[in-house]
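Subject: The structure you asked about

Hi,

Here is the structure, ready for you to open alongside this email. My notes on what turned up follow just below it.

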Amino acid sequence: MSAFDKVIGYEKEKEELLQVCDMANHPEKYAALGVKLPHGVLLYGEPGVGKTLMATAFLEMMNRKSYVCRKDQSNEEFVDSIRELFAEAKKNAPSVIFLDDLDKFASDSESSNPEELIAVQSGIDSVKDSNVFVIATANDVRGLPRPLRRPGRFDRILEICLPNRRESVEIVRHYLADKKVASDVRAEEVARLMDGNSCAALESVLNEAGIYAGYENKPEIGREHIVRAVLRNVFEAEESVNEMSAAEKEEVAFHEAGHAVAALAFDRESVGLVSVRPSKSDARGVVQILKRDNYFGSYELMHQRVVALLAGKAAVELRYGRIDVGAVSDIDRASAIVQRFIGDYAVSGFGLYHMENRFSIDSGTQNDKIVAERSAMVARCYEEAKVLLRENWAFLEKLAAELVKKDTLLYEEIIAMRNDAGNAA
Ligand code: ADP
Ligand code: ZN
């Protein structure tokens, strides 16, 4: 039984931390090999991915006196307490210091107190030869001044990424284990809904779902509670569609189904959820595109993303023969991506390539050309979206009709409908 068992997934990172523990706990083994021990480890990554959890497990595994430093005091007192902490840790060596959320204090940003950074840096240097190990966490490693990150202060810098799908499933199972859940709740489905979110986000969604179930006096958390919590916490969707008229709802259903049908035409696995619940950020509903972070990986993926973004508008306009006024943010996003094609990747020739203002040649004319090229490219993608939707019209109508009936559809329902529509065609 290792303290790291409570950290789910992250096998490589845990292995790396265990190696450091082994060095600290069996220095003679490494000294015999002539190896110098590392002095510090820095874990960085988005909030809620388990950095503090990992660091805490590390403290346990180090099996020596530990000192935790976290900013929760006013500046003056805090600088003193940093100094005292390092002095104490040194006096009681072997020991380990944990600097939690280091980028919240030891930073060179204008808002932070430079004394704190100095106290941390000189603290680390003062314990260098005293068998004191330092572990720190940070959300944004770039927020930490370079000198602080150099080897000798932090010899190992590990990125803690968002969990992958397999890890998410494990994490979901873990959190479901101590809750009363109905038999229709499946870990794989919940993990898919939480695609690209942190463990902490997952924890709060499941908790929220539990609150809904309790309030309804249900003995178990059901799938519908989890979907509701995901819609609210992850997609920031309104609680209900009550405000909409039947005609509005149908239009939103066509818009969202348009996005989904286009995305599925490119990648049969790409849509996790579609809903007509109005999202707070957009005027329309919600579509969850899985693996959405990857689309800058290639020109094809970016192009597909633009077509899918414009397919909401295309669906409404094909269906009703009038302008879709709910597609403003879709058009903005599509245009921003296209601008990147032109400006960063020179897909329309090098004349429109932008050099980050390194030198500006008559930028007025160049801007006009970029705008013209961008609009032409967005318009072409919009036409492609229309072609795709016409080819998949039966599926589109079916999806929109189901959305009107059920408000929200999940991956498996969407896949089943797509297969049916495919067979009928
Ligand atoms: P961070 O320090 O990266 O912001 P925390 O360590 O505070 O994140 O984790 C936030 C919450 O999520 C905690 O309740 C923690 O127990 C849980 N958690 C995060 N990652 C994991 C994981 N890999 N396994 C189990 N629980 C996790
Ligand atoms: Zn849209």
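How many salt bridges does the count come to? The count comes to 33 salt bridges. Please keep in mind as you read that this is a predicted model.

A few of those pairs are worth a look on your screen. Glu-11 and Lys-14 form a salt bridge through their side chains, with an N to O distance of 3.6 Å. These two residues sit three apart in helix 1 (residues 11-25), so about one helical turn separates them. Lys-14 is buried, at a relative accessible area of 10%.

Another salt bridge joins Arg-173 and Glu-188, whose closest N and O atoms are 2.8 Å apart. Arg-173 belongs to helix 7 (residues 165-177) and Glu-188 to helix 8 (residues 187-193), so this pair ties together parts that are 15 residues apart in sequence. Glu-188 is partly exposed, at 34% relative accessibility, and Arg-173 is partly exposed too, with a relative accessible area of 45%. Both residues also take part in a network of salt bridges that links Arg-173, Arg-186, Glu-188 and Glu-412.

The salt bridge between Arg-284 and Glu-251 has its closest N and O atoms 3.1 Å apart. Arg-284 is in the loop between strand 6 (271-275) and strand 7 (286-289), while Glu-251 is in helix 11, so the pair ties together parts that are 33 residues apart in sequence. Arg-284 and Glu-251 are both buried.

His-255 and His-259 are four residues apart in helix 11 (residues 246-266), so they are separated by about one helical turn. His-255 is buried at 1% relative accessible area, and His-259 also counts as buried, at 8%.

Then there is ligand 1, with 16 residues around it; the closest are Gly-48, Lys-51, Thr-52, Leu-53 and Glu-203. Oxygen atoms of ligand 1 lie 2.7 Å from a backbone N or O atom of Gly-48, 2.7 Å from a polar side-chain atom of Thr-52 and 2.9 Å from a backbone N or O atom of Leu-53. On its own, ligand 1 has 560 Å² of accessible area, and the protein covers 80% of that. Helix 3 (51-62) and helix 9 (199-215) each supply at least two residues of the shell, which divides into nine nonpolar, three polar and four charged residues.

Best wishes

Methods
Residues numbered from 1 in each chain as written. Chains lettered and ligands numbered in written order. Predicted model: local features only at pLDDT ≥ 70, side-chain atom pairs only at ≥ 80, totals over all residues. Heavy atoms only, no water. Buried < 20%, exposed > 50% of the residue type's maximum accessible area, 1.4 Å probe, protein only. Near = heavy atom within 4 Å. Polar contact = N/O pair within 3.5 Å; in protein donor to acceptor, adjacent residues only side chain to side chain. Areas by Shrake-Rupley, 256 points an atom, 1.4 Å probe, with all protein chains shown as cover. Nonpolar A, V, L, I, M, F, W, Y, C, P; charged D, E, K, R; others polar. Salt bridge = Lys/Arg side-chain N within 4 Å of Asp/Glu carboxyl O.
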